[in-house]
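User: Hello! I am new to this structure and would like to go through it with you. Could you show it to me?

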Amino acid sequence: MHKKLPTDDVVSAKGIPLASKCCLCDEQAESFNHLFMGCKFFVAVWKMFLDCFGMSWPNIEDLPLLVRWWIRKCKILVLKEPWSMGLVIVADNVWTEKNSRRYGSRFLSPFYVYDKIKRVYQDSKISISDRLPHISDIMCCRRLGLIINPKCPPEPLEIFWCKPPSGWTKLNVDGSSMGNPGRAGIGGVIRNDLGAMIGSFKNFIGIQSNYVAEFQALIVCLLMAKKLRVSSLWIESDSAAVVAVVQARSIPWFVAQQWISLEPFLAFYFLEDFPLF
Ligand SMILES: [Zn+2]
């Protein structure tokens, strides 16, 4: 836009005589460098815009130098797109205000021009990631009215309960704590191969972690299965950690005593030669 926009200095250079006065500040002759970099009206708008990004006006009155400064700053900013757009949006709005003053009757203050700039950003539908690393970036988005994309909710996972094979008994166990550790509870259901419930339990176990709660749920359900003298156990737990530990046959210390008491039952029914630790 340098030497393309019909600022007074460009028009005068083409041999058209005119008395020049900046419509924005009424203090100096209108030239490209004054209008877009030196005019106190423009600088006031720049300052409000740069303040959103935590920047100060660099006091540059040379367009190539200003563009280089802008590109340098862009490399270190997270909000690159809003920053890159700013150079054109701010200049365009101030140029429009200058023309409104000269050829119309509208006189907006720097504050109102800045408000128009914010509305351009709000209508731009720029996509801002929700993974902004600094609070200053979030504040910048709020000041410019940019919407931060909310996190996409995870896809729901459909889970069906299936009856165990004929002759088998299914144990469904679960445990959780509010706070991890926090107030913890356990529960479980035992069903036969027809899907009929033959046992269930729910207990509050005090302040525990999720892992302890999940393991306690398994142990209590196994103790109940032992008491009911059920055979061919099929155990389902939603705790990957508990499943992995049982499959690796590395029982944690906090349930070791209870596991030992279950050893004859487990070895007899479904785990032959089951080492404890
Ligand atoms: Zn001026």
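User: What percentage of the 277 residues in the chain do buried residues make up?

Analyst: Welcome! This is a predicted model, where local features need pLDDT of at least 70 and side-chain atom pairs count only at pLDDT 80 or more, while totals for chains, interfaces and linings use all residues. Residues are numbered from 1 along each chain as its sequence is written, and side-chain values use heavy atoms, without hydrogens and water. Buried means under 20% relative accessible area, exposed over 50%, and partly exposed in between (1.4 Å probe, protein chains only). Of the 277 residues in the chain, the buried share is 39%.

User: Which residues coordinate the zinc ion?

Analyst: Donors are N, O and S atoms within 2.8 Å of the metal (3.2 Å for Na, K and Ca); water is not among the atoms, so sites may look incomplete. Along the chain, the zinc donors follow the spacing C-x2-C-x8-H-x4-C. At 2.1 to 2.4 Å, the zinc ion is coordinated by Cys22 (SG), Cys25 (SG), His34 (NE2) and Cys39 (SG).

User: Are cysteine 22 and cysteine 25 buried or exposed?

Analyst: Cys22 and Cys25 both coordinate the zinc ion through SG. As for their accessibility, both cysteine 22 and cysteine 25 are buried.

User: What is the span of the C-alpha trace along its principal axes?

Analyst: The radius of gyration, taken over C-alpha atoms, is 36 Å for the chain, whereas a compact globule of 277 residues would have one near 19 Å (the globule rule is 2.2 Å times the number of residues to the power 0.38). Along the principal axes, the C-alpha trace spans about 110 × 35 × 30 Å.
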